[in-house]
Amino acid sequence: MSNSAKRSHLLRSTILVSMAAASLNGYAALAQETESENTAVETRQSNDRIVVTGSRIRRDAFTADSPIEVFDADAAALQGSLDIADFLQSSTVAAGSPQVTAATSAQFVQNGGLGAETLSLRGLGANRTLVLLNGRRAGPAGVRGGVSAFDLNVIPLSAIQRVEVLKDGASSVYGSDAVAGVVNIITNNEDGGNFDAFASVPEAGAGMEFRINASYGDSFERGRFRVTADYYRQEELAQGDRDYFQCGEAYVHNADGSRADVVDPRTGAFACEDLLWGHVWTYDYAEGFGDGTTNLDYAGTKLIQYDYNGHLAANGLTQIGNNHANPYWMGTPDGWYAMNQNDPLMRSLTDYDHPFQDASTMVPDTERFTLFAEGEYELTNNARLYGEALFNRRETYNNAYRQYWTYIYNSNFDFWNYDVVPGAGDPRSAGWTGAQWLSPTAITDHADSSVAIDYMRFVGGIDGQGLPFLPEWTWDASLQYSRSDGEYWNQRIFDDAISPYQFSIGSCAGTTTPVRGANCVDVNWLSPALLSGNPTPEEQAFLFGEETGTTVYEQLSFEGVISGDLFNLPAGAVGVALGVHYRTDEINDTPGDITLANNAWGSSGAGITAGDDTTQAIFGEAVVPLLSGQPLAEELTLTVSGRYTDVDSYGTGDTYKVGLNWAINDLVRLRATHGTSFRTPALFELYLADQTSFTGQRNVDPCINWQDNLDAGNITQRVASNCAADGIPDDHTGAGSSATVVTGGGLGVLEAETSESTTFGVVFTPSFINLRVAVDYFEIEMENQVDQLGAGRIVSGCYNSDDFANEPLCDLFTRNPNSGNGANLITEVRDSFINVNSQINRGIDINADYFHEFSFGDLTVNSRIAIQLEDQIDLLGGNVEDSNGEAGNPEVVGDLNFNFVRGDWSAFWGMRYVGQTSNFDSYYDGNSSQTYLGNDVVYKLRTEAVVYHSASIAREFDTVSIRAGVSNIFDEHPPAVTTISGEYNTVGTSAFYSQYDWMGRRFYVNFSKTF
């Protein structure tokens, strides 16, 4: 955007802001039962003025101009949440976009490592959501190189009083990372002691969750303190513990709605089609392929499977014999069967769903120990010391399994009665072109991982009132230090036990592996025992190992703020806040020795990620009362703030924010804000050491068999034309070695992210009924977003471009030449962090709160609804992705809660709504066929809306309270979708996204005693 365009945009925005104005703090009040006691404020008060999240200026309780949502920690117990991560991630501020949860981190590699729990507002990412602890930054925690966001695991729910969420950008007030908003976690500082025990038990068994904690606080003449100790345990939920995760059925339908899946004759149920095991892929490049009398169309890639349990023979399958005149005939020896995947019977008898799969982790086993202490001491009547100390240890374990494979020529074992043996060495170097070779694909449960993270955070500060010549001004200076020290352990497959020996002929006995120097073992790759997960002890020792890596992240920050009234206007005092901020961040991630040596088969190799950064900033804020007590302007207030930031790794930048409040009368308030944000790349985005991984050609290359796929409607004409223009033959099979994917940091290349955020809101507070309603529109537009595109998006984006010759995505990968070995194969995809142009996010938030006193009790009703209008990202100039309304990004989420109190009894009923999604348009953007085994079928490419109900009842005694309840009362399962479409992340038949409940119906009880 040009400077003139920016000025014009700012002018238009300022005019709109002035017209709309803003309410004071009505939005925060919506989440509270009383206006005066539970507003979105920090605990420190002076002269009846407080600091509202999103501002540095003390003012009365109703002068915030930004949309704020407040969550009382006690509300978590009402619906059965035992930790703050689960509670916040399922709320409307987060449920409309994918979140990093313990479950998703067990299934995918995510920033923060195994077991991480973070919060992403507006779907913009956790590293664009700033988390504060008692109004001050809290350093990140986690393992591996991608540590950048605060991990909600480190603060227990038992230590929290409430959470305030500012739902627009606030970089001008808080600095970098506050692009999508700010989450301020405020701890409990009350006097008295409390013992609390909480357990949640799933009806279906497995996955039990429990917590026990004790806290005590006391005040004395000049100060106070509070200490909380908390133990939390989440037991593992394995994939086989829930029937909707166990078996990955195809889940396709006939036109009449009946299921079209093949039925497994062994069980009478629909066949599983998830991860194959114990099989061999055969690759045929021979000329003339038949039995000597009939030339069969059997060239290409085929699957053969051992008859492990005698089911293949029992169901009438016939082996293809070896006694044929044609020496190129590919038969199968005794016990092995050619499995034509287009044949319904053979497909149904293919081995899927290994016992290793049922034992793999869905929700990992997690144990946490936390100690939190905070207190203050009055030095004088106008100054106090305060401090906080947090110690947390988390241990998380994940059970996993995986495939691994190699490539051997058929003549190596004379496996197919093939008489032509070209001699020792690599047959490819001897010019053997008409080859048939095999890829034995074994399975193993040697893929577990675990993390152990020690996190500590200390805060020390001094604040008070009175400055020279400014006796009423307040001041605050604080120092914060945090350190995350983590170890991550992984079971690995040694690459030097497999890769050096692919395609070779003869024994390796007497030689040593090139990386470890271990004595080579001739692995019997065609052994049914090995392929089914039971290698010999010698093979086990040769193939498998384990390693431990370490990650240390340290953050040190200082902040000083002064605030007070500058002068008076007719409408009131002009409040001002000025401050400075200094922060250093440092990361050092050292992977295990196997990964450092790039010797982990099928996994990323990585170096040491080490770097540091220093941030310095000055900032200011002013609140200007423009009108007060006037017709149609009970109150009109302008808020402006600005920040200048200097970051060592990048340079300088400035941000601003302007907001208006307009209390028209006691009934209607309007509010609006417009501001900019500035985020420099995180340490891992800058310094991540180059990592290498591998992906199959079919996972990334849309040009494989592009003519057939065009004819079938699987790709667009544009993709086909661009593949042809690139010289890719229309029958390119993609057979051969995997593509190498290289990722790394972008130091010296990346630019800072910038964004503009605009909100408009209206709050209704009618006097004739205790009802409050707030409606807020938000729009966030981000430029130069830092991201990794993923290898598949890079290549597909290249060939889907309207301007293929000049498409920048095409510069991020390379292919082999059009002739020779491996012709046209993609060799390398460079998927490092880059600036991907822009993202826009628009939506509407609706909050409503109702309270009524009946003669027989008090009823509170509150509802929150989030509507996503647009969520688009522009990838390098023209490739626009719109995920709004697709799986993981429902357009509408909401909740509706009823709480009734009568004397010592209380009852709660809550409903959480996750809107429907559809991937129909996404699938048909380059795909048009819905077929299964050559037949037309109907794919399920949508998820229906889901409503989760929870209820509880509680009884208060003198010093004891007991609450019992049920979560997910109607046992709603994650929506089922077509698994073979490639459109969804699935486990079993279930859409695997963070909005959905994995556990099913569960019962919970909470016992609490005060003293």
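Some ground rules. Residues count from 1 along each chain as its sequence is written. Because this is a predicted model, local features need pLDDT of at least 70, side-chain atom pairs count only at pLDDT 80 or more, and totals for chains, interfaces and linings use all residues, while side-chain values use heavy atoms, with hydrogens and water left out.

Next, terms. Strands are DSSP runs (E, at least two residues), numbered from the N terminus. Two strands pair if DSSP finds at least two bridges between them. Strands of a sheet pair through backbone hydrogen bonds, either parallel or antiparallel.

Now the sheet with order 3-6-7-4-5. It is open, has five strands, and its pairing is mixed. Which strands stand at the edges? Strand 3 (68-72) and strand 5 (136-137). Each has a single partner strand, so one side of each lacks a neighbour in the sheet. Strand 4, residues 129-133, pairs with strand 5 in the antiparallel sense, over two bridges. There, Leu132 stands opposite Arg137.

On to the order 26-31-32-37-36. This is an open sheet of five strands, with mixed pairing. At its edges are strand 26 (605-606) and strand 36 (813-815). Strand 31 (691-695) and strand 32 (739-743) run antiparallel, joined by five bridges. Thr692 faces Val742 of strand 32.

Finally, confidence. pLDDT is the predictor's confidence in each residue, from 0 to 100. The protein's mean is 86, and 88% of its residues reach 70 or more. Over residues 287-300, pLDDT stays under 50. That stretch has 33 contacts (heavy atoms within 4.5 Å) beyond four places in sequence. Residues 412-434 are also below 50.

Key:
Helices (H or I, at least four residues) and strands (E, at least two) are DSSP runs, numbered from the N terminus.
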